[in-house]
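Below is a brief report on selected local features of one model. The sequence and structure come first.

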Amino acid sequence: MIEVKNLTKRYGQILAVDDLSFTVTQGEIVGFLGPNGAGKTTTMNIITGYLAPTEGSVMINGFDIIENPLEAKTQIGYLPDHPPIYPNMTVWEYLNFVADLKKVKRAGRKEHLEEIMDLVKIADMRKRITKNLSKGYRQRVGLCQAMVGNPSVIILDEPMVALDPMQIIEMRQVIRDLGSRHTLILSSHILPEVSAVCDRVMIIHKGRIVASDTTDKLTSSLAGQNRLQLRVKDGFEQASGLFGTQNFIKTVENLGVKEEGSVDIIIVGDEGTDIRELTFKACVENNISLLSMKNLDSTLEEIFLEVTASSSKQGLEIEDEALLAVSETTETTVNEEEKGICENTVEKEDEDNGSDN
């Protein structure tokens, strides 16, 4: 279990992580998303103990990463965005070296390393020098080192970088298998893969979490309404006449003919109402042949863009208000100073006039 409370990290005047708090439960796979510079890697480095926070705390299975670093770090396997491999070692030598660093017992070590190499599908590369491996295989070796010692928490920073489509499919299955035995946090720019393997998604922007939930719940909450694309055998007028009279449908849109003898339409339902079954029943009761039905939920990419754009807009509004407040304060101060200068000038002129008299 990972528990992060009020985590803050500053680099001089730059606020990289801004009061983050979240929990990842045992056996959960959480996707950590955000644009470049959002604070993802900084947060992961703090969780793993690589960086110290400016404020806040991180607990790994009950151990504080700052107060009990050795106990906490033995619970963690970490794959950074650049796999930390030694180029002149073979794969087997490197993994055995990592096992020494992690103080994995000699008894059963060979079987343990064989198991994780088989899981990540690099057993046939054991005698290869790591510098001669492709980027994809070096990424797999990096994942293996994170798994050495069987840590309860595994943190993966961009685990699917440099993988080809087949390797991505294999890595997806590896991550799912790991999720049955470990707690996982992974960051990735390959959003469909995050959606495919993660139980929950956290989106971070400018050091803050701007959204956190399952993909399905994020989709429904941000879409705000139900949209279905239908292909019906009859013409648009008949379909429009039917759906236009249903109280669960708000709007009907004609997409035109995409298959001979049919028409495609989009219907929009009330927020929070699943209109699929109601739509099917309406078609059956009115003898309209429904050829296809597709839910037009927002994709993870659309959710990502929407929440980060909304967060940026709010940030700009706050900055504008702050600038306005500073401007008004400065203007007031200047006016008061000008008033004081004028009063002092008048007093000085009165004194000069008095002395002349």
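Which residues are exposed on the other side of α10? They are Glu277 and Glu285; exposed means over 50% relative accessible area, buried under 20%, and partly exposed in between (1.4 Å probe, protein chains only).

This is a predicted model, where local features need pLDDT of at least 70, side-chain atom pairs count only at pLDDT 80 or more, and totals for chains, interfaces and linings use all residues. Residues are numbered from 1 along each chain as its sequence is written, and side-chain values use heavy atoms, leaving out hydrogens and water.

**Helix α10**

Thr279, Ala282 and Cys283 are buried in α10. Seen down the axis of α10, its buried residues fall within an arc of 100 degrees, so they line one face of the helix. The arc is taken from the directions from the helix axis to the C-beta atoms. Their cover includes the elements below.

| Element | Residues |
|---|---|
| β11 | 226-232 |
| α9 | 236-243 |
| β13 | 263-269 |
| β14 | 290-295 |

Helices (H or I, at least four residues) and strands (E, at least two) are DSSP runs, numbered from the N terminus. Just after α10, Asn287 has a positive phi of about 55 degrees.

Phe280 also belongs to α10 (residues 276-285). Phe280 is partly exposed, at 48% relative accessible area. With Val284 and Met293, Phe280 makes a nonpolar surface patch of about 270 Å².

**His112**

His112 sits in helix α4 (residues 109-120). His112 is buried, with a relative accessible area of 15%. Neighbours within four places in sequence aside, His112 is in contact (heavy atoms within 4.5 Å) with Met147, Val148, Gly149 and Asn150.

Terms used:
Patches are made of residues with over 30% relative accessible area and no salt bridge: like charges are joined within 9 Å, nonpolar side chains (Val, Leu, Ile, Met, Phe, Trp, Tyr) within 5 Å. Accessible areas come from the Shrake-Rupley method with a 1.4 Å probe; for residues, only the protein chains shown count as cover. A salt bridge is a side-chain nitrogen of Lys or Arg within 4 Å of a carboxyl oxygen of Asp or Glu.
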